[in-house]
Amino acid sequence: MPTWDIPLSDLDYGQEEMDAVARVLRSKWLSMGPEVESFETEFAAMQGVRYALAVSSATAGLHLAYLAAEIGPGDEVIQPALNFVAAANMTVACGATPIFADIISLAEPTIDPANVADLITPRTKAIVAMHYGGNLCRMAELLTLCRERNVSLIEDACHAVGARYHDALERPPHGTMAGSIGEIGTFSFFANKNIVTGEGGMIVTNREDLAAKARLLRSHGMTSLTWDRHRGHASTYAVVSHGYNYRLDELHAALGRVQLKKLLGNNERRRKLLYGYKNAIDSMPGWIMPFGESIETSAGHLMVAVAPTPTAREEAVNRLRIAAVQSSLHYPCIAEFEAFAKRTNKPLSITREFVSRAITLPLYPTMAEEHVNKVCKLIGETAAVGKL
Ligand SMILES: *Cc1c(COP(=O)(O)O)cnc(C)c1O
């Protein structure tokens with residue numbers, strides 16, 4: 001593993017996480033049980049949602065969300081081409097076809113409702129909203145569109161845990177938490193997310209029917225858990241549908257409960273660092289900070305800057321690497337991947353422009369403010385070179 005002076009992300013882990021794991025080990029109950037139940041209850045309370053179901057990953061959660069929404073062969077699922085590949089892969093896993101939509105602009109790289117409206121066909125079963133970097137999609141427009149066209153709205157809310165939708169005109173769903181706006185939403189607790197358990201995720205919904213279906217499919221279509229039988233609540237089980245093992249275990253849930261307590265404070269810290277980045281980037285000619293005007297309502301998952309040109313991007317990446325500062329790209333355009341290329345002929349021109357110019361810079365709650373200055377200075381020097 002290369003040692004970066006400033007990594008892209010870092011854990012906020014301490015004694016509390018170690019104590020939580022030790023508590024589970026001492027209890028000698030490792031599979032889905034009381035820690036998972038408590039994690040679900042506490043997460044649902046934070047979200048203000050009726051049902052929260054812990055799952056082994058957000059990818060598993062997306063699969064369950066799609067199956068609960070009855071996405072299947074012949075269906076089309078409209079989604080951003082600018083996303084992690086999980087939402088598209090799980091679409092294919094359901095036998096459905098991903099239809100890639102463009103983003104709104106370089107400054108607002110979330111799915112474009114106008115483009116979505118153009119892509120809806122009688123086969124469209126669902127729209128996936130992904131809240132890029134922790135910044136919510138235009139949910140008022142998407143919600144209206146989905147209601148008018150009788151299409152499900154599913155949220156890939158992996159970046160947006162703890163964020164609340166803000167609509168300048170206060171139209172519904174103003175004030176609702178990310179993930180709880182559409183029929184069903186998914187979160188990830190992978191090692192670089194705002195809540196970290198290693199692997200792990202959560203599904204949220206207010207709909208009892210969707211929660212019941214997802215709960216059943218999460219555990220082999222079985223009507224009881226080992227934990228229920230251990231407590232004497234059930235002595236056997238029935239299998240009422242074909243399902244999976246997408247359960248979370250007690251060790252991960254215990255970590256999640258500690259991390260959930262730190263979430264809102266850590267998101268605040270992330271926003272503070274984002275304001276520092278914004279100050280610097282605003283003074284660099286040609287550079288854009290996406291969602292720079294709405295930091296206050298962001299979960300602050302990613303710090304992304306858009307360079308004036310692809311060449312300026314490459315220069316910045318090299319300069320950072322030489323200075324042992326890690327950077328990344330969120331994300332390559334999914335439609336360009338070999339596995340998806342044959343499925344699309346859409347221009348996706350704004351997505352492609354974004355992907356050629358965007359850099360993800362270090363951002364994590366334990367990051368020092370001097371480090372923000374160091375990163376910006378390195379990029380600022382690139383900007384100066386670019387101007388000559
Ligand atoms: C991390 C992530 C996923 C996948 O999450 P896993 O828990 O690793 O399966 C999906 N979508 C987005 C937007 C993500 O950031």
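In helix 3, L64, L67 and A68 meet L210, K213, A214, L217 and R218 of helix 7. By class, this contact of helix 3 with helix 7 holds six nonpolar, no polar and two charged residues. The model is predicted.

**Helix packing**

Two packed helices are described by the angle between their axes and the distance between the axes. Helix 3 spans residues 58-68 and helix 7 spans residues 208-218; their axes lie 9 Å apart, at an angle of about 130 degrees. Helix 3 is therefore oblique to helix 7. Their crossing is right-handed.

The second pair joins helix 1 (residues 15-27) to helix 9 (residues 250-282). Here the axes come within 9 Å and cross at roughly 150 degrees. Angles over 145 degrees count as roughly antiparallel, so helix 1 is roughly antiparallel to helix 9. Helix 1 passes helix 9 in a right-handed crossing. On the helix 1 side, the contact is made by E16, E17, A20, V21, R23, V24 and L25. On the helix 9 side, the partners are E250, L251, A254, L255, R257, V258, Q259 and K262. The contact of helix 1 with helix 9 divides into eight nonpolar, one polar and six charged residues.

**The ligand**

Which residues come nearest to the ligand? Of the 15 residues around the ligand, they are A58, T59, D156, S188 and K193.

| Residue | Protein atom | Distance to a ligand oxygen |
|---|---|---|
| A58 | polar backbone atom | 2.8 Å |
| T59 | polar side-chain atom | 2.5 Å |
| H159 | N or O atom in the side chain | 3.0 Å |

Helix 3 covers residues 58-68.

**Backbone exceptions**

Most residues other than glycine have a negative phi, and most peptide bonds are trans.

P172 and P173 are joined by a cis peptide bond, with omega about 5 degrees. P173 sits in the loop between strand 5 (152-156) and strand 6 (184-188). A cis peptide bond also joins H330 and Y331, again with omega about 5 degrees. Y331 belongs to the loop between helix 10 (310-322) and helix 11 (338-341).

Where is E70 found? E70 is in the loop between helix 3 and strand 2 (76-80). Phi of E70 is near 60 degrees, a positive value in a residue other than glycine.

How values were computed: Residues numbered from 1 in each chain as written. Predicted model: local features only at pLDDT ≥ 70, side-chain atom pairs only at ≥ 80, totals over all residues. Heavy atoms only, no water. Axes fitted to C-alpha atoms, helices over the stretch in contact; angles between N-to-C directions. Helix = DSSP H or I, 4+ residues; strand = E, 2+ residues; numbered from the N terminus. Parallel < 35°, antiparallel > 145°, perpendicular 65-115°, else oblique. Left-handed = near helix turned anticlockwise from the far one by under 90°. Contact = heavy atoms within 4.5 Å. Nonpolar A, V, L, I, M, F, W, Y, C, P; charged D, E, K, R; others polar. Near = heavy atom within 4 Å. Polar contact = N/O pair within 3.5 Å; in protein donor to acceptor, adjacent residues only side chain to side chain.
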